[in-house]
Amino acid sequence: MSQFPKDFLWGAATASYQVEGGHDAEGKGLSNWDVFSHLPGTTYQGTNGDVAVDHYHRFKEDVALMAELGMQTYRFSISWPRLLPQGTGKVNEAGVKFYSDLIDELLKHNIRPMITLYHWDLPQALQDKFGGWASREIVDAFDGYARLCYERFGDRVDLWSTFNETIVFIGMGYFTGQHPPKLNDPKVGIQACHHVFLANARAVKSFREMKINGQIGFVNVLQPNDPISDSLEDRRACEFAEGIFTHWLYDPVLKGEYPAELLAMAQQAFGVPEFHPGDEQLLKENIVDFIGLNYYKREMIAHNDDINGFEMNNSGQKGSGRGLGFKGLFKTVRNPNGVYTDWDWEVYPQGLTDAIGRITHRYGNIPIYITENGLGAKDPIVNGEVLDQPRIDYLRDHIKATADAIAQGADVRGYYPWSFIDLLSWLNGYQKQYGFVYVDHENNLARKKKLSFDWYRKVIESNGETL
């Protein structure tokens with residue numbers, strides 16, 4: 001008998017910039033990533049999403065493959081500048097039609113759409129006009145964009161999330177400078193993060209005001225942090241890391257407030273976040289309906305007297321990353337007994353069960369979707385077949401970990417592996433593969449089912465019983 005509820009949703013996920021291509025097709029405006037990825041030295045081997053895997057022109061072929069896979073739901077994001085080339089104002093009807101047609105095609109195949117409103121591709125026009133997330137003006141702009149999406153798609157889509165992985169687009173955009181807008185300014189970053197929470201609350205408020213028949217959530221990285229030793233210094237450093245990576249990102253959307261100790265520290269050190277009248281009430285009154293969890297790895301944490309910065313492995317050369325450190329606070333360190341991917345991410349399925357337990361302990365029995373989980377790897381091709389057995393092993397162990405969390409009482413409602421198809425992995429280029437479907441970049445982006453495709457089809461068919 002399956003450990004998963006009868007109505008459990010099995011799907012997969014992608015994001016607009018990573019799959020669509022059509023970067024300037026039919027009136028689409030520039031996104032921040034359209035600009036950033038063309039700057040010298042920003043991405044692995046200068047890769048960009050101008051064409052990506054051309055989902056914009058091939059979505060019917062891709063949806064047919066989703067149907068063959070047996071997917072019950074598909075999580076995708078909308079490109080804000082495809083709908084609103086200037087970020088606000090005039091609507092690009094061709095962009096609206098693309099997503100409307102995609103939704104209809106999914107529904108034709110009984111695949112339930114889950115829309116992410118923001119998966120990092122900001123209209124460049126808003127970055128140029130007022131500094132993007134650094135300005136409070138973004139809150140009104142995002143709310144206008146969200147309302148447009150609800151108006152055009154809300155009659156057919158009942159699962160929505162506002163933002164994907166704020167820790168990444170704010171952390172790497174404003175703290176480490178590895179994503180657009182390439183800043184190293186904690187003060188601006190903390191305030192920008194506040195604007196994200198306000199924009200989320202406004203979009204949730206509008207969703208309910210417009211009486212959209214569905215649920216709206218927020219998607220965060222789920223990264224459990226454990227101390228490398230039992231020393232007081234390492235345990236304290238780990239508490240701080242858990243506070244930043246988890247409580248700071250989850251409390252405002254699930255409790256409607258910041259963690260008090262961290263808020264006091266931020267305001268003492270940088271004078272931010274700056275609250276305007278009504279901010280606290282807006283956050284408090286617009287808690288999300290569910291939380292989406294993106295789980296890939298856990299981190300081991302140590303106290304830190306030396307490292308400041310972040311050296312990320314974007315090449316897939318194991319051991320080339322140097323981790324993250326905030327001097328005087330904490331640093332990430334390698335687990336000497338851990339199993340790591342080529343991109344230096346620890347493979348630790350138990351961490352998914354543990355971290356879901358931490359979420360339910362802190363926030364109660366909030367509905368949960370596993371909105372991303374997967375293995376980034378260089379998949380071997382043998383006699384024309386893509387033999388991604390390590391992906392099967394990874395997903396099997398994490399599906400079991402999800403089942404364990406459900407057995408412990410967590411309200412987990414769906415599982416979306418990252419990703420349906422091989423795609424542009426941001427800074428890592430195309431060589432970091434995640435999909436059930438391979439894309440041949442030497443042969444007109446031809447699609448090919450991997451070994452994992454048939455395996456996952458059987459998982460879905462058996463509601464997680466056949467692993």
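Analyst: The protein carries 46 positive and 61 negative charges, whose mean positions lie 1 Å apart; Lys and Arg count as positive and Asp and Glu as negative, leaving out His and the chain ends, and each charge is placed at NZ of Lys, CZ of Arg, CG of Asp or CD of Glu. This is a predicted model, in which local features need pLDDT of at least 70 and side-chain atom pairs count only at pLDDT 80 or more, while totals for chains, interfaces and linings use all residues. Residues are numbered from 1 along each chain as its sequence is written, and side-chain values use heavy atoms, without hydrogens or water.

The protein has 15 helices and 17 strands, which are DSSP runs (helices H or I, at least four residues; strands E, at least two) numbered from the N terminus. Of its 467 residues, 60% are buried, meaning under 20% relative accessible area with a 1.4 Å probe, protein chains only.

The part to look at is helix α13, residues 350-363, whose 14 residues reach 20 Å from the first C-alpha to the last, close to the 20 Å expected (1.5 Å times one less than the number of residues). Its buried residues are G351, L352, T353, A355, I356, I359 and Y363. An α-helix has 3.6 residues a turn, so residues three or four places apart point the same way. The cover over the buried residues of α13 includes helices α10 (232-254) and α14 (389-407), together with strands β7 (290-294), β12 (368-372) and β15 (412-415), where contact means heavy atoms within 4.5 Å. After α13 comes G364, which has a positive phi, near 85°.

How values were computed
Buried < 20%, exposed > 50% of the residue type's maximum accessible area, 1.4 Å probe, protein only.
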